[in-house]
Amino acid sequence: MMYRGVLKASALAMMLAWSATGGAHAQSITQALTAAYDHAPDLQSALLAAKAQSEGIVQAKAGALPTIGAQIAGTNGTSLVGGNWNGSSSLTAGLSYNQTIFDNNSTAAQVELARAQAEVAEYQIRSTEQEVFYNVIQAYMAVLSGRELLSLRQDNVTFFQAQFQSANDRLEVGEGTRIDVAQAQARLAQGQAGLQAASGTLQSSEATFQRLVGQRPQNLSTSHAYANLIPRSIDAAISEAEMGHPAILLSKAGIRAAQAGSDVADASYFGATASVTGQVGSSWTGPSGAPGRDGISASMGFNITVPIYSGGRMGSAVRQANLNQIKSEVDAMSAYDQIREAVIAAWTGIQSADAQISAAQAAVSASNTALDGVIQERDLGAATTLDVLNAQADLISARETLINASSNKTIATFALLSAMGRLTAQDLGLAVEVKTAVPYTQAVEDVWQELRTVAE
């Protein structure tokens with residue numbers, strides 16, 4: 001029992017040391033997600049991409065608005081005629097106006113296409129948001145379980161060191177054998193190798209955590225209240241996912257964009273265009289040194305274009321748009337199937353983790369009892385050092401299984417939230433300003449470009 005005391009004292013010392021260094025800087029899952037939301041470059045990139053896509057609405061609307069331009073030009077020349085140098089100057093200035101008055105609804109279809117594409121980009125923000133959060137959860141649990149495994153394997157090394165020393169002591173007094181010493185030494189080497197591997201894995205996990213969150217991991221904890229967001233049945237989870245998952249909404253917006261693209265192609269194929277033009281200006285011309293001649297001119301005109309033949313380009317564009325529309329509908333059906341599959345996989349993952357946790361807890365309890373009993377039997381000469389070493393290995397294996405199962409349970413919980421489309425800052429109630437391009441899109445919808453500006 002002396003060696004069990006050494007093991008427990010070692011574990012207690014490590015817990016106290018860890019608490020002293022990290023307890024003042026506790027970092028919950030909520031805090032990690034909040035920090036990652038403000039830090040994630042991928043999320044910021046998705047937001048900028050959505051804002052940039054919104055500008056397509058302004059550009060499409062410009063097709064129905066007039067274009068007005070101003071021109072000014074001047075010349076000054078000299079010529080040699082009959083031995084005399086003659087100079088001449090001219091100056092012209094004017095305004096031009098051009099506006100499409102009919103395009104077979106091509107501009108309206110392009111505006112609808114731009115709005116649908118902006119909607120797609122907005123849902124892409126939500127998809128990126130969920131991906132970022134899920135990666136953070138995986139990194140968070142990798143660090144937390146990595147630290148627990150490192151502490152466990154340090155305890156294991158401490159135990160094997162004590163067994164190695166005990167085997168040596170018994171050999172010196174003639175109560176043990178060299179085989180006992182060799183076996184203890186071999187297990188000690190294996191334990192040290194396992195400790196080194198756990199240390200390397202933990203360092204890698206901490207680097208990943210810092211990259212995603214923008215902060216070094218502190219004293220982590222698995223406690224959270226987000227499991228309350230999970231419905232009571234798998235059917236309810238699937239129903240909720242099919243109604244609000246970003247991938248589902250994105251696929252619907254994709255169908256809308258494809259339909260608008262088909263309308264644009266049809267308008268270009270079947271429609272004539274008509275536009276009006278106007279110009280007004282003044283000019284001044286005259287020889288150098290002589291009074292100039294001023295003039296004012298104005299003109300108006302119209303232009304009608306009817307497509308007749310384009311080498312098959314317009315027909316190909318219509319067929320391509322129709323195929324893309326069919327593809328968008330197929331993609332939407334695939335999205336439904338994938339989301340349903342993800343919900344079922346996450347749901348069963350939680351149930352599997354619960355079963356593994358129960359089994360691992362029972363195994364840890366039984367292994368603890370077995371180890372205590374084998375140590376007593378060894379001290380009485382009824383068991384060997386190898387029996388003790390094997391019992392310790394069984395206990396460590398059971399504890400590692402429990403650590404991994406607990407980590408998998410947390411990850412599966414957030415995987416289900418992600419599959420339901422609820423792994424977002426708004427659903428999680430994070431104290432952040434939700435990243436969205438909707439206000440920017442609304443602003444550019446109501447702007448006369450070049451006359452007013454939009455805050456970025």
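**Note on the predicted model**

1. Start with the hairpin. Strands β2 and β3 form it, with two residues between them. Gly82, in the turn, has a positive phi of about 60°. Strands here are DSSP runs of E, at least two residues long, and helices are runs of H or I, at least four residues long, numbered from the N terminus.

2. A word on the basis. This is a predicted model, in which local features need pLDDT of at least 70 and side-chain atom pairs count only at pLDDT 80 or more, while totals for chains, interfaces and linings use all residues. Residues are numbered from 1 along each chain as its sequence is written, and side-chain values use heavy atoms, with hydrogens and water left out.

3. Back to the strands. β2 covers residues 67–81 and β3 residues 84–102. They run antiparallel, joined by 15 bridges. Strands pair if DSSP finds at least two bridges between them. Thr78 has Gly87 in β3 as its bridge partner.

4. Asn104 has a positive phi of about 60°; for Asn105 the value is about 65°. Neither is a glycine. Most residues other than glycine have a negative phi. Asn104 is partly exposed, at 26% relative accessible area. Asn105 is exposed, at 57%. The cut-offs are under 20% for buried, over 50% for exposed, and partly exposed in between, with a 1.4 Å probe and protein chains only.

5. The largest nonpolar core has 54 residues. Such a core is a set of buried Ala, Val, Leu, Ile, Met, Phe, Trp, Tyr and Cys residues joined through side-chain atoms within 4.5 Å. Leu33, Tyr226 and Leu428 touch the most other members. Elements giving two or more residues include α2 (29–39), α3 (41–61) and α8 (313–379). α4 gives the most, with eleven residues.

6. Look closely at Tyr226. Leaving aside neighbours within four places in sequence, Tyr226 is in contact (heavy atoms within 4.5 Å) with Ile29, Thr30, Leu33, Phe414, Leu417, Leu428 and Leu430. Another core, of 19 residues, lies apart from the largest one. Its members include Val157, Ala383, Leu395 and Ala398.

7. Last, helix α11, residues 438–445. Its buried residues are Tyr440, Thr441 and Val444. The buried residues of α11 pack against α3.
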